[in-house]
Amino acid sequence: MSASTHWIATACMQSVLERGGNAFDAAAAGAFVLHVVEPHLNGPGGDMTAILATAEDPTPVVLMGQGPAPAGATIEHYRSEGLTAVPGTGALAAAVPYAVDAWLLLLEERGTWELEDVLSYAIDCAENGHPVLASVSTQIATVSQTFTEHWPSSAALWMPEGTPPVAGELIRNPEYAAVLRDLVAAGGGIEPHAAGGGIGIEPEAPSGREARIAAARERWRTGPVAQAVTEFLRTPHRHSDGADHAGVMTLGDFAAIEARVEPAATSTFRGWTVAKTGAWGQGPALLEALGILEGYDDDHLDPSTEQGAHTILEALKLALADRDAHFGDGDVDLERLLSPDYLAARRALITEAASHEFRPGALGDSPSARPPLLTEDELAQRTGQPVDRGTGEPTVRATGEARGDTCHLDVVDRWGNIISATPSGGWLQSSPTIPGLGFCLGTRLQMMWLDEDLPSALRPGRRPRTTLTPTLVLREGAPVLACGSPGGDQQDQWQLLFLLRVLVGGLDLQQAIDAPALHTLSMPGSFWPRTWSPGRAVVEDRLGEDLLAGLAARGHDVVRAGDWSLGRLSCVMRDPHTGILRAAANSRGAQGYAAGR
């Protein structure tokens, strides 16, 4: 079974499975296709996290493709540039791009296919074209002025005729196809110049599949991509603060790229084991929310009732407050965070009225650090500009900064290998396109603070506290469910609703995904400009007038988001006893797709 946020990626992944590849071959193939068909949601210059288990070893592990801050990304340097926060666009917001290396590591260690075969799908889409999504066209139109006035390399790639492409028009990216061909050529595969690219080599072919993929990884770290990126970033370009800055990424940062596999953080809920990333990502916030909700009866856990929606929103506020006060790329006491005593104390803070406070708990002896709390109205008063409230997903402003733009894929194969992955970053609106490469860098460093006292402060070599947060669920030690969603700060919120509806409510996968969604904005946003909205609950109208009125009466600041606007989950499931496979994908936007047999 395959599921993703774009039907072409799902079709390609399913093709790999049909041709005998395993789940990891399929996931890697789909991921590179997503670079091409959803360039506004992810790219090779971005990041990814995945959680997986193999048929031989059901222990969940995390594939860590979240790059750190470059060596030159210091708080002192950013302040010397006149910045009070990491910008939302431009190279100063870019973490070192680990996504490609992570996918190649997966393929090298757990795949079975040659790199040439895996990348053939993406190369075909990039060289021969694919029908551009309406959302891609809209986002290019939104940032077209920035492209034409400040980022001419982006205008050349995305508006070659001077205007954004029309939805459904075939678009191509031969420069990125040449990059992929060059990676294959590094291992002795296809000719690098087949697409007219100018970055190829004539390598001596390494011996063995793994060695050929390892050669491609080395090529990514030290070859023409690294050279083109670092050379281009020396010239200042426009950032979201309205000023021009040069980047700080160097060849040394690229050479140090090395994705890795890490242990997953886990907890139990109603007899199920839920596996997430460590607290360098937001994943443990979902574990904490489930732990808080574990103490309630089932009738408090239905998101489609007033009582359930209120209880879930309040639990999320507490878990996300802990995320923003404690999480980061350092020592985080997850044993304490997920302990019964701590969860009980957090649960006791929930009343029948909506909280408008930011209430992190104390994990140590000293008071919790508190990130800046700036409302949208306060920001508007400071800047004189209206603030996009971001009720849906994805959103983008005219200067390019975006909230929650991401994609997702899930795969399970006939043998029981299973993976859930959330690639993101490197959005076409993130930064100027690197000439000759067909992609730009990501902006994940905007999730770090220019405040040394915060656990997610900007520090060279440290990973930003990413929002990328796929999920794997196990029963009696066997992996049974992989799921995830785009959505930035909403990713774990929407997954919480899905898990409650499946694990407690007994809905089937598609019913749980299609059910009306909600989330809170009562926490500092992870994306620039990092505002928060105390007590705000964003809800789909399909929850019903009585429920929405009930939330408002409890003190929630209810924002209606329309009937079908929140959540873009996909998932796959395997019954370890029967081997029966299931899958589902989001119907909102008519873009995601699940397939299998």
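This is a predicted model: local features need pLDDT of at least 70, side-chain atom pairs count only at pLDDT 80 or more; totals for chains, interfaces and linings use all residues.
Residues are numbered from 1 along each chain as its sequence is written. Local features need pLDDT of at least 70, side-chain atom pairs count only at pLDDT 80 or more, and totals for chains, interfaces and linings use all residues, while side-chain values use heavy atoms, with hydrogens and water left out.

Helices (H or I, at least four residues) and strands (E, at least two) are DSSP runs, numbered from the N terminus. Two strands pair if DSSP finds at least two bridges between them. An open sheet of seven strands has the order β8-β3-β2-β14-β13-β1-β22, and its pairing is antiparallel. Its edge strands, each pairing on one side only, are β8 (260-263) and β22 (593-595). From one strand to the next the twist averages 15 degrees; angles run from 0 to 180 degrees between N-to-C directions, and axes are lines fitted to C-alpha atoms, for helices over the stretch in contact. Strand β1 (residues 2-4) is joined to β22 by three bridges, and A3 stands opposite A594 in β22. Two helices lie across parts of this sheet. Helix α1 (residues 7-18) lies across β1, β13 (409-412) and β22, at about 160 degrees to β1. Helix α4 (residues 99-110) lies across β2 (47-53), β3 (61-65), β8, β13 and β14 (418-424), and runs at about 140 degrees to β3.

The order β9-β10-β15-β16-β20-β21 describes an open sheet of six strands, with antiparallel pairing. The edge strands here are β9 (265-269) and β21 (581-585), each of which pairs on one side only. The twist averages 20 degrees from one strand to the next. Five bridges connect β9 with the antiparallel strand β10 (residues 272-276), where T266 stands opposite A275 in β10. Helix α13 (residues 283-293) packs on the sheet and touches β9, β10 and β15 (471-475), its direction making about 155 degrees with that of β10; contact means heavy atoms within 4.5 Å. Helix α18 (residues 491-504) lies across β9, β10, β15, β16 (478-484) and β20 (570-574), at about 140 degrees to β16.

Helices α10 (residues 209-222) and α11 (residues 224-232) have axes that come within 4 Å and cross at roughly 15 degrees. The two helices are therefore roughly parallel to each other (angles under 35 degrees count as roughly parallel, over 145 as roughly antiparallel, 65 to 115 as roughly perpendicular and the rest as oblique). In this contact, R219, W220, R221 and T222 of α10 meet P224, V225, A226 and Q227 of α11.

Four cavities of 30 Å³ or more are found in a search of the whole structure. On a 1 Å grid over the protein atoms alone, a cavity is a set of points where a 1.4 Å probe fits but cannot get out, and a pocket is an open set with protein on both sides within 12 Å along at least five of seven lines; lining residues have an atom within 4 Å of a point. The second largest cavity holds about 140 Å³ of space. Of its 20 lining residues, H35, P39, W158, N173 and G438 are the closest to its centre. The second largest pocket has a volume of about 350 Å³. Of the 20 residues lining this pocket, A156, L157, W158, P160 and R172 are the closest to its centre. Helix α8 gives the most to the lining of the second largest pocket, with four residues.

Conventions: Grid points are joined across faces, edges and corners, and a volume is the space filled by probe spheres set on the points.
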